[in-house]
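Q: I would like to learn how to read a protein model feature by feature. Could we begin with the contacts and work towards single residues?

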Amino acid sequence: MSRQVLTSRAGTWILDLRTTSPRHLGAIRAWVAQHLPGLGSTHLDDVLLIVNELVANAYLHGGGPSHLQLWRGVRPCAVRVEVGDVNDEHLLLTRTGSGDPALGIRLVDNVCVQWGVQHHHDHDGKTVWAHVACDGFSE
Ligand SMILES: [Zn+2]
């Protein structure tokens, strides 16, 4: 691994998930951790939980994920996760208060500052995004 990769840095990275399946979840989490060097362990745990839930949700209910986008800001420390899928429906993405959201989405709701769903206009599918705050203590 190069020295540059080990340094905290802002940036955006995209992972193509079109040919993946749920058995790749571990490798996907590893890819995320590799691209967030220097992130505090609590912050990284929150990000990995979000990634796991959003990608798993896309396999289960979204017709499969199309891509994962990771954005990192350094000052202030912040991480945004986006998972695209190929299904326009979002029955399980109701925010707390309406219906009975899936456990995964409740977890996401608890951990991140804000999350939402963006529908694609030019093709089928949507992007679910989550902004994961930093506790600020471990970095
Ligand atoms: Zn942080």
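A: Contact means heavy atoms within 4.5 Å, and in this chain residues 24 or more positions apart account for 63% of the contacts with a separation of 6 or more. This is a predicted model, in which local features need pLDDT of at least 70 and side-chain atom pairs count only at pLDDT 80 or more, while totals for chains, interfaces and linings use all residues. Residues are numbered from 1 along each chain as its sequence is written, and side-chain values use heavy atoms, with hydrogens and water left out.

Q: How many helices and strands are there in the chain, and how are they defined?

A: Helices (H or I, at least four residues) and strands (E, at least two) are DSSP runs, numbered from the N terminus. The chain has four helices and five strands, and from the N terminus on their order is α-β-α-α-β-β-α-β-β.

Q: How does the span of helix H3 follow from the number of its residues?

A: The expected span of a helix is 1.5 Å times one less than its number of residues. Helix H3 covers residues 41–61, and its 21 residues should therefore span 30 Å, which agrees with the 30 Å between its end C-alpha atoms. Just after H3, Gly63 takes a positive phi of about 75 degrees.

Q: Which strands pair with S5?

A: Two strands pair if DSSP finds at least two bridges between them. Strand S3 (residues 78–85) runs antiparallel to S5 and is joined to it by seven bridges, with Arg80 opposite His131 in S5. Strand S4 (residues 114–119) is also antiparallel to S5, through six bridges, and here Gly116 stands opposite Trp129. S4 and S5 form a hairpin with six residues between them, and Gly125 in the turn has a positive phi of about 115 degrees.

Q: Why is strand S5 described as largely enclosed by the rest of the structure?

A: Strand S5 spans residues 126–132, and six of its seven residues are buried, so the rest of the structure largely encloses it. For the chain as a whole, 43% of the 139 residues count as buried.

Q: What can be read from the loop that holds His35?

A: His35 is in the loop between helix H2 (25–34) and H3, and its relative accessible area of 17% makes it buried. Leaving aside neighbours within four places in sequence, His35 is in contact with Trp13 and Leu70.

Q: How many disulfides does the chain have?

A: A disulfide is a covalent bond between the sulfur atoms of two cysteines. By the rule of a pair of cysteine sulfur atoms within 2.5 Å, the count is zero disulfides. Cys77 counts as buried at 17% relative accessibility, whereas Cys134 is partly exposed at 25%.

Q: Where is the cis peptide bond?

A: The cis peptide bond joins Arg75 and Pro76, with omega about 0 degrees, and Pro76 is in the loop between strand S2 (65–73) and S3.

Terms used:
Buried means under 20% relative accessible area, exposed over 50%, partly exposed in between (1.4 Å probe, protein chains only).
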